[in-house]
Every structure is written in C-alpha cells, then in structure tokens.
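Thanks, everyone. Please look at the structure first.

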Amino acid sequence: MALPADVTTGTWTLDNSHSEIGFTVRHAGISKVRGQFTEAAATLDLPGDISDARINATINTASFDSGDVNRDGHVKGEDFFDVEKFPEISFVSNGLVAKGDRYELTGDLTIKGVTRPVTLDTEFNGVAVDPFGNTRAGVSAGTTISRKDFGLTWNAILETGGVLVSDKVAINLELAFIAPAA
C-alpha cells in the first residue's frame, strides 16, 4: 500500500513536546488513575510502501508522572519500574497492516527487561505544515497490556477482597512526528 500523497519517505522523528504517552489503570477497583511518560524518543521510518513502515521508540522510565509525587516515587522504585536498573521502556515495530481507515501496528514492547509482542490499534491523523515550515504527521494509537506479563506484579489486597492496582493497563498514544529535512 502506497503512502498518502502528502507523506514523504524517510525517517521522521518524534516531536516529544507535542506528543503524549499516556496510561490508565484501575485503582482499588473503583476509579481510574491516568498519567504519562514525559520523555521519549522515536523514529518512524517510511519507505514507499506503508506496510514496510517501522517505528523504534524509547521511553525514559524516570519521566513517569501520574500527578502524585508519592505514587510516582513508588512506581519508579523497585516494586514497579525500578528506574535505576531499567531506565528505559522500548518498542520496536515489526509490522503494519491496514484495516480500513485504521492500522494494526505490531511490535515488541520491553518493560523491565521483559519483551512481549503487542498490537496497537492505530489511526493516521493527517499531515500539516506548521508556521515554521516543518511538515508534521499525527498518529493516535492504543492497546491494553497485562502489567504482570512484564514482571510488574506488586499489589495490595483490600479489605473488600479486591486489589489496589488492576493488572490491565491501557496505553494511549497521541504522537506527532516531524518529516525529514528536504
């Protein structure tokens, strides 16, 4: 499948300041906690055929931010991400398949030294040229993972019989990429 007419081939780079790498996890079985990673780097390699596109991304685990300093400190510690020992999360794509006006992006996600395949439901949001002459492309993507699959097993049992942190984590990505210089 050919690239859309307004998308150029080459290596596009993530515009971290206009992107969000977010998550949602259920807390105590009654509410959802949202947060994000604020530092990441990624490249989007686009050859002429979109099915050959590849994304390589790294996320700084110490940039975890849920809006609560105490929770963030716990999650950055050994019970969860252990950011001193595992400073990055990585994603390396290995396939992109068109599904109507959406795409399935498959790849290997590595968290805390454990690599598992994931599939992201992906939407191409279009291309625009900003006031500074940069060509940008927007992408939205999401998936749900089991945190236990990646060795993130800490939890606490509640008096009501539930657990403090759900196993399922929804990952929500709003990404802006900048085209290679002409």
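Which residues do ring pairs link into a cluster? They are Phe23, Phe37, Phe64 and Phe81. Keep in mind that this is a predicted model. In total, the structure holds four aromatic pairs, and I will go through two of them.

Start with Phe37 and Phe64. Their ring centres are 5.6 Å apart and the planes meet at 65°; over 60 counts as edge-to-face, so that is what this pair is. Phe37 has a relative accessibility of 10%, so it counts as buried. Phe64 is buried too, at 7%.

Next, Phe64 with Phe81. Here the centres are 5.9 Å apart and the planes are at 55°, so the pair is tilted. This one also joins distant parts of the chain, 17 residues apart: Phe64 in strand E6, and Phe81 in the loop between helix H1 (69-76) and strand E7 (88-99). Phe81, like Phe64, is buried.

What else does Phe81 touch, leaving aside neighbours within four places in sequence? Besides Phe37 and Phe64, its contacts include Val75, Phe86, Ile89, Ile111 and Leu152. Thr61, Lys76 and Lys112 are also among them.

In soluble globular proteins, nonpolar side chains tend to be buried together.

Key: Residues are numbered from 1 along each chain as its sequence is written. This is a predicted model: local features need pLDDT of at least 70, side-chain atom pairs count only at pLDDT 80 or more; totals for chains, interfaces and linings use all residues. Side-chain values use heavy atoms; hydrogens and water are left out. Rings of Phe, Tyr and Trp (its six-membered ring) pair if their centres lie within 6.5 Å; planes under 30 degrees apart count as stacked, over 60 as edge-to-face and the rest as tilted. Buried means under 20% relative accessible area, exposed over 50%, partly exposed in between (1.4 Å probe, protein chains only). Helices (H or I, at least four residues) and strands (E, at least two) are DSSP runs, numbered from the N terminus. Contact means heavy atoms within 4.5 Å.
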